[in-house]
Amino acid sequence: MQVLAGPLLRRMTTERLTIWLMTTESVVVDLTLFQDDKMRFTYKSTQVADSHTQLKVGDNLYIQLLDIPLDTALPAQCPIHYDLRLNDTGWSEWAEDLVYPGQKLPFFVLQPKIKNILHGSCRKPHHPSQDGLLRVDSLLQNTDPKEWPSVLMMSGDQIYADDVAAPLLCVIHQLIPHLGIRAEAFDCIDIDNSDELHTDSPHYYARESLLPENDTNRSLIEQFFGGVRKPVFTTDTAHNHLISLAEMLSMYALVWSPTGWDIAFTDTSWMEPAGLSEEQKDSFAKQVVILKEFAKGLPKVRRALAHIPVAMIFDDHDVTDDWNLTAAWEKTAYNHPFSTRIIGNALFAYLLCQGWGNSPESFPKELLNNCQLALNHLGESDHDELVQELLGFSEWNYTWQTEPPLVVLDTRTQRWRSEKSIENPSGLMDWEALTDLQHQLKGLEAVVLVSPAPIFGVKLIESIQRVFTWFGKPLMVDAENWMAHPGSAYTLMNMFRHNKTPKNFVILSGDVHYSFVYDIQLRGVKRGPDLWQITSSGLKNEFPGKLLDVFDRLNRWLYSPRSPLNWFTRRRSMKVIPHKPETASDGERLLNASGVSLVSLNEDGSPNSIMQMCSDGRDIRFTLSEKEATWE
């Protein structure tokens, strides 16, 4: 028996524990908890049938979720060691490097009052930077457990389903046969099923060519597989887009654990695929080096995720680039069976590997039964029916009842479509979802609000996005910011100004591949709440360096407090005070460095300190820069 991924600690409270795993066998689980070397609680899966759910994905792949209610509440702020035994085998037999030096067992610390929180997003395995999650492991190893952060918030793009290095896709195809996942039938492309896609016709660098050439497919290829060069952000390539459910689930195993890599490295023939051009061979060889280094760090990543509660939410790359950005995009994608299947498979994999552990009660038994039916009949009607059910599912958002509460937004599936043109960007949440959010926030003193895309972004970049939108090209520049849609923008601002919403909003975001901090003070008849926009991106991704430097400088010059352009573009009576990186030059606001953010909170829920723990080992704090404050 092997553990392909996990254990990952998910929602952990003093009264309920949630743990996720991938295993190669059906398992019977025994869990014993210890405090101060004394047994406090023993759990067997045979005792409480509803606490352990196991889904069979393939002959050698099972996904496990333990959601265990405790008869006796556990204490907070002290280490709770856990002995997780699978088919009577302990951690040393399936993850020999799971514990920290000097420890006999893995452990966790329950911190319901958030004093410190980690957050990051955008973890692309083949990006040349180091992995920011390694800094999480280092922090835990070198910090008194009583001072550990309450949670690691991963705010989007935990995988890149649409931007996959060819060597990684080869590793995925090397792993899949070991998992015994059933063949997934396709009736809309030039291959019959996923077995053929994983072996004889993998279509490396050319997955768009799976679609027969006709007028119906042409617009889909352009939007879904185009690999368009985006002048503002980056070159997004979808030519190795994950397609089958087996590919999606294998990707999750390979980003969180070294086990799948160990299996793939038993036969390295995948390192020399046939039919590549000289340019592709050169790119392939460079990415192999990067991916080997990525895999080398995964034992420490697995160790970190087994010790700290992890909250997650999707962004576009967890599914596909520009996911639901415009109504026109939706019309193209959901009116074609191939793209619908890809999106559905990505959502299915997200449910099984991310969403389920965030809020297990949001996924009723009937839905999980439908998941098992789909897994038993991939590519058949049960699978297609589940895809449609997931496309209409509305419970991806969730709240953890910490202090202050951690409120995580779904900004992808509840879009507010433009009333002017289907080509215009949709709002990130519709009126009904924002109204529900306002009701949820009423009466709270403070909140940690997670929005994958920043609510308050860089003004220059948002202006460029508006220009491209005006020319009918919002997809070219990822024009999905909160202010791009008037309805959602004004509804959101009115919510912030409501006299019964929290006094302190800490907004955690990612998405943009650079990091920044704004203190936003709202003005009106009376002063509104204080909001802190804290953006940390990416865990393993960065913005093109020279381009970001140009944007940062232009933004400072064009929208400085004394700039006439800033006077003429004020919109919402906000005072924006940037916190600049302490290593930055005078006036610089943006930090371009892979890593993870560590945010410390005061008693009232406002930030005390904000630091980017860079993957290269630097610790960079953001410091207040009152003289650069601007009115908008």
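Biologist: How many bridges join strand β2 to strand β6?
Modeller: In this predicted model, strand β2 (residues 16–23) is joined to strand β6 (residues 61–69) by eight bridges. The two strands run antiparallel.

Biologist: Which residue of β6 stands opposite W20?
Modeller: That residue is L65.

Biologist: What is the strand order of the open sheet that holds β2 and β6?
Modeller: The order is β1-β2-β6-β5, which makes an open sheet of four strands with antiparallel pairing. β1 (3–12) and β5 (52–58) are at the edges, and each has a single partner strand, so one side of each has no neighbour in the sheet. From one strand to the next, the twist averages 10°.

Biologist: Which helix lies across β1, β2, β5 and β6?
Modeller: Helix α11, made up of residues 337–358, lies across these strands. Helix α11 runs at about 20° to β1.

Biologist: Now the sheet with β3 and β7. What is its order?
Modeller: Four strands form that open sheet in the order β4-β3-β7-β8, and their pairing is antiparallel. The edges are taken by β4 (38–44) and β8 (107–109); each has a single partner strand, so one side of each is left without a neighbour in the sheet. The twist here averages 25° from one strand to the next.

Biologist: How many bridges join β3 to β7?
Modeller: Six bridges join strand β3 (residues 29–35) to strand β7 (residues 79–86), and the two run antiparallel. In this pair, V29 stands opposite L86 in β7.

Biologist: A change of topic, then: how many salt bridges does a search of the whole structure find?
Modeller: The search finds 20 salt bridges. One of them joins the side chains of D131 and R123, with an N to O distance of 2.8 Å.

Biologist: Are D131 and R123 buried or exposed?
Modeller: D131 is buried, and R123 is buried too.

Biologist: What about D282 and K286, and where do they lie?
Modeller: Both lie in helix α8 (residues 278–296), four residues apart, which is about one turn of the helix. D282 has a relative accessible area of 43%, so D282 is partly exposed. K286 has a relative accessible area of 52% and is therefore exposed.

Biologist: Which residue forms a salt bridge with D384?
Modeller: The partner is R341, and the closest N and O atoms of the two are 3.1 Å apart. D384 belongs to helix α13 (residues 381–391) and R341 to helix α11, so the pair ties together parts that are 43 residues apart in sequence. Helix α11 is also the helix that lies across β1, β2, β5 and β6.

Biologist: Why does R341 count as buried?
Modeller: R341 counts as buried because its relative accessibility is 8%, and buried means under 20%. D384, in contrast, is partly exposed, with a relative accessible area of 35%.

Biologist: Which residues do salt bridges with shared partners join into one network?
Modeller: K113, E403 and E603 are joined into one network in that way.

Notes:
Residues numbered from 1 in each chain as written. Predicted model: local features only at pLDDT ≥ 70, side-chain atom pairs only at ≥ 80, totals over all residues. Heavy atoms only, no water. Pairing = 2+ DSSP bridges. Axes fitted to C-alpha atoms, helices over the stretch in contact; angles between N-to-C directions. Contact = heavy atoms within 4.5 Å. Salt bridge = Lys/Arg side-chain N within 4 Å of Asp/Glu carboxyl O. Buried < 20%, exposed > 50% of the residue type's maximum accessible area, 1.4 Å probe, protein only.
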